[in-house]
Amino acid sequence: MKVEGDWVKVQPLDSLRMRVYIAPRGLWLTLDAGTFESVQVNPRTNQIRIALSPQTADTSLARLHIEQPVKLPGIGTYHPQPQLIRERDAYVAKLKPTATWITLIAE
């Protein structure tokens, strides 16, 4: 974990890299397909940026679940920007040969 300007940057190092809980935002992010490369949080704007690992021969799409089991005062419901298609309660993102970035905003 490191801080750069307004951003707190975390690089998951567990073997799966498919789950991240952001306690200060009450936000649980999980992937059915794909892996997290980096998660960045801006505490000032409540914005979150997610870097998904590059596509592989077996994984061309990521399936992201966004859950907020804790509703915190002053923080709305998070959703991806720009909008992503939803299938079976997961946001579907087409992976690129390099990291794919998704921004989450709270409204």
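In this predicted model, Arg86 lies over the face of Tyr91, at 4.7 Å from the ring centre.

**Aromatic pair**
- The count of aromatic pairs comes to one, and this pair joins Tyr21 and Trp28 in a tilted arrangement, with 5.8 Å from centre to centre and 55° between the planes.
- Tyr21 counts as partly exposed because its relative accessibility is 41%, and Trp28 counts as partly exposed because its relative accessibility is 28%.

**The open sheet**
- Six strands make up an open sheet, in which the order is β1-β2-β5-β6-β11-β8 and the pairing is antiparallel.
- At the edges are β1 (2-4) and β8 (78-81), each of which pairs on one side only, while the twist from one strand to the next averages 25°.
- Within this sheet, β5 and β6 pair in the antiparallel sense over six bridges, and Phe36 stands opposite Leu52 in β6.

**The largest nonpolar core**
- In soluble globular proteins, nonpolar side chains tend to be buried together.
- The largest nonpolar core here has 21 residues, of which Leu29, Phe36, Ile48, Ile50, Leu52 and Leu104 touch the most other members.
- Strands that each supply at least two residues of this core include β5 (36-42), β6 (47-52) and β11 (100-106).

Key: Residues are numbered from 1 along each chain as its sequence is written. This is a predicted model: local features need pLDDT of at least 70, side-chain atom pairs count only at pLDDT 80 or more; totals for chains, interfaces and linings use all residues. Side-chain values use heavy atoms; hydrogens and water are left out. Rings of Phe, Tyr and Trp (its six-membered ring) pair if their centres lie within 6.5 Å; planes under 30 degrees apart count as stacked, over 60 as edge-to-face and the rest as tilted. Buried means under 20% relative accessible area, exposed over 50%, partly exposed in between (1.4 Å probe, protein chains only). A charge sits over a ring if NZ of Lys or CZ of Arg is within 6 Å of the ring centre and within 35 degrees of the ring normal. A nonpolar core is a set of buried Ala, Val, Leu, Ile, Met, Phe, Trp, Tyr and Cys residues joined through side-chain atoms within 4.5 Å. Helices (H or I, at least four residues) and strands (E, at least two) are DSSP runs, numbered from the N terminus. Two strands pair if DSSP finds at least two bridges between them. Axes are lines fitted to C-alpha atoms, for helices over the stretch in contact, and angles run from 0 to 180 degrees between N-to-C directions.
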